[in-house]
Amino acid sequence: MVAAVRSFLQVASTEEAAPPLRVVQIEGLAVLKIIKHCKEFSPALVTGQLLGLDVGSVLEVTNCFPYPIREADDEIEAEGADYQLEMMRCLREVNVDNNTVGWYQSTLLGSYQRVELIETFMNYQENIRRSVCIIYDPSRSNQGVLALKALKLSDSFMDLYRNNNFTGEKLREKNLSWVDIFEEIPIKVSNSALISAFMTELEADSPVTQCDYDRLQLSSGPFVERNMEFLIECMDDLFVEQQKFQYHYRNLSRQQAQQQAWLQKRRTENMARKAAGEEPLPEEDPSNPIFKPIPEPSRLESFLVTNQIANYCNQINGVSGQSFSRLYLMKALHED
Amino acid sequence: MYAACRGLSSPNETLILHLPRPRSKSPLSREIGAGATSRMAASVDTVLQFSSSTELSARVQPLVIFNICDCYVRRPDQAERVIGTLLGSILPDGTVDIRNSYAIPHNEFSDQVALDIEYHHNMLLSHQKVNPKEVIVGWYSTGFGVSGGSALIHEFYSREVTNPVHLTVDTGFNNGHASIKAYVSTNLSLGDRPLATQFQEIHVDLRMVEAERVGLDILKKQTVDKLPNDLDGMEATMQRLLSLVDSVYEYVDNVVEGRIPADNNIGRFIADSVASIPKLSDLDKLVNDSIQDHLLMLYLSSITRTQLSLAEKLNTAAQIL
């Protein structure tokens, strides 16, 4: 009888783990705001804050506001925080949910996997239980695709990052590879009934929209060119990382060889000493610099670079697919 | 047009001037205006001073409408309508481009309206930190038509910016359809004594290009389950193109068989579009070259990915000892 009745405190403390985030539900309003902000300032990269509600396994984003571009960092830190508080307070007065659920940023051709992103994620994660980052790519949207992505760091990666431990062994333990860093979450768009009534009413009558014009454009040249440029740069970065690893391995094997040589020498010495009847020397000598363990370079950078390269490859694939369809269409039209 | 009065000496009297909308420029409108006034029962011999009505028009981005609707849905329970500021810029040809908006908490009583001006200034400053080019161009309110309180608010806004634009968004769908109207005001004065404020409707141009880019499907439905990826979108576009071509075929067939009278303009359009397909003799070669280029890129990207997985195996999975 007594065991069945749990105090409120107990219930509160044994709160179950939140259900995993499955879907991000954005309102059309937030989508339009993000697009407008990112487009206005492209090609500069801008960020902003997402506001909404966290309901079960759905993260609802109902509104957002942009951050001003910061020139220098020092004095403007406080201003940035002031601006944020001011905006949240004002939005609260008009009944907008002023619950931060994440942030959005614009990107150029998908090159967003940087260390800063991870750091920002960790910052957010400390304060808010579930946060998400929305990435919008205005240059890709000019091709007719709505390039909106919702990202989250995977939990296992976050644990590793907190311990700042990226050696090969740890990663093998957790079975973590470069695909596991970011998790992409599917996005759903929702609109209130009023706005969908308005949009249905105000929709222009033409059967072909601007979106179609964008998609059917034959010139995908510049976009693909820049993609390839970025890809090549990233390959260079990857190469540098590989070099670091090779260097490390070489050092490690050299050190091991040295250790073996030293051990051999010690053993022969010991044999000689035993023959002479003296105390054998220990077989290990921690003060000898040969035995100092060489730190393994962190694999974080290489993972990020790998992610980026994969991203570029995907984009190129997508664009190529589209171009094929367009080219075949042209061919067919011409034959007629 | 509607005109509403500011408080007269006897508050129970409200003079509403109903003037028909001028369809052309100034001289005619003056005539109509004078005619209407002479019909009025008021015993005042007015010297009607119209400022010349320029062909002002307002361009509204879809974000503004979304914003307004969202604020309306979230309004506090006792408020009947939502009032807020419009931000944007004035283009060189005089068109007012309305790009952003924010709501202002307000209280409305029978005669008076109280706006939270400090909130208005704070929000303005915050917005201008992000985008200093957006300035106040007017204000909006939900609800149909212009009411008495609106004149007071409009006067407040005309102190902030010259010639503010008043946008009404009819969220109640009063006439059975959505109406978004914009007004500018002119002050009617009798010699020195201000008499009334006349709101003159101006043309509203709803720029849906942005919304179209995003995809009207996404913005129209109440829930959209999946954002379309590139190939889906391509497929939809091509289907639309196909249906367009089909309808053109149908039209041409109908005209040839005499079912529909031929319209020369449409015929010329069709001829133009068909002729605009370039008759390049080596189009085949060009197309093939492009296809080969794209294939090459696909190949490169696949190689890169193979390289990536190989590198990963070497770096992570390999054990030295």
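User: How many salt bridges does a search of the whole structure find over all chains?

Analyst: That search turns up 10. A salt bridge here is a side-chain nitrogen of Lys or Arg within 4 Å of a carboxyl oxygen of Asp or Glu. Some ground rules: this is a predicted model, where local features need pLDDT of at least 70 and side-chain atom pairs count only at pLDDT 80 or more, while totals for chains, interfaces and linings use all residues. Side-chain values use heavy atoms, leaving out hydrogens and water, residues are numbered from 1 along each chain as its sequence is written, and chains are lettered from A and ligands numbered from 1 in the order in which they are written.

User: What makes K36(A) and E134(B) a salt bridge?

Analyst: Their side chains meet at 3.1 Å, N to O, and the cut-off is within 4 Å, so the pair counts. K36(A) sits in helix α2 (residues 28–41) of chain A and E134(B) in the loop between α3 (117–130) and β7 (135–142) of chain B, so this pair joins two chains. Helices (H or I, at least four residues) and strands (E, at least two) are DSSP runs, numbered from the N terminus. The two are also part of a network of salt bridges that links K36(A), E40(A), D97(B), R99(B) and E134(B).

User: Why is E134(B) called buried?

Analyst: Buried means under 20% relative accessible area, exposed means over 50%, and partly exposed is in between (1.4 Å probe, protein chains only). E134(B) has 3%, so it counts as buried.

User: What about D289(B) and K285(B)?

Analyst: Those side chains meet in a salt bridge too, at 3.4 Å, N to O. Both lie in helix α9 of chain B, four residues apart. D289(B) is at 33%, so it counts as partly exposed; K285(B) is at 52%, so it counts as exposed.

User: How do you know that the buried residues of α6(A) are on the same side?

Analyst: In helix α6 (residues 155–163) of chain A, F157(A), M158(A), L160(A) and Y161(A) are buried. They cover an arc of only 165° around the axis, so they share one side of α6(A). The arc is that of the directions from the helix axis to the C-beta atoms. On the other side, R162(A) and N163(A) are exposed.

User: Which residues form the nonpolar patch on the surface, and what is their accessible area together?

Analyst: L296(B), Y299(B), L300(B) and I303(B), with about 380 Å² together. Patch residues have over 30% relative accessible area and no salt bridge; like charges are joined within 9 Å, nonpolar side chains (Val, Leu, Ile, Met, Phe, Trp, Tyr) within 5 Å. Accessible areas come from the Shrake-Rupley method with a 1.4 Å probe; for residues, only the protein chains shown count as cover. I303(B) is at 39%, so it counts as partly exposed.

User: Why is E279(A) called exposed?

Analyst: E279(A) is at 65% relative accessibility, so it counts as exposed. It lies in the loop between α10 and α11 (300–335) of chain A.
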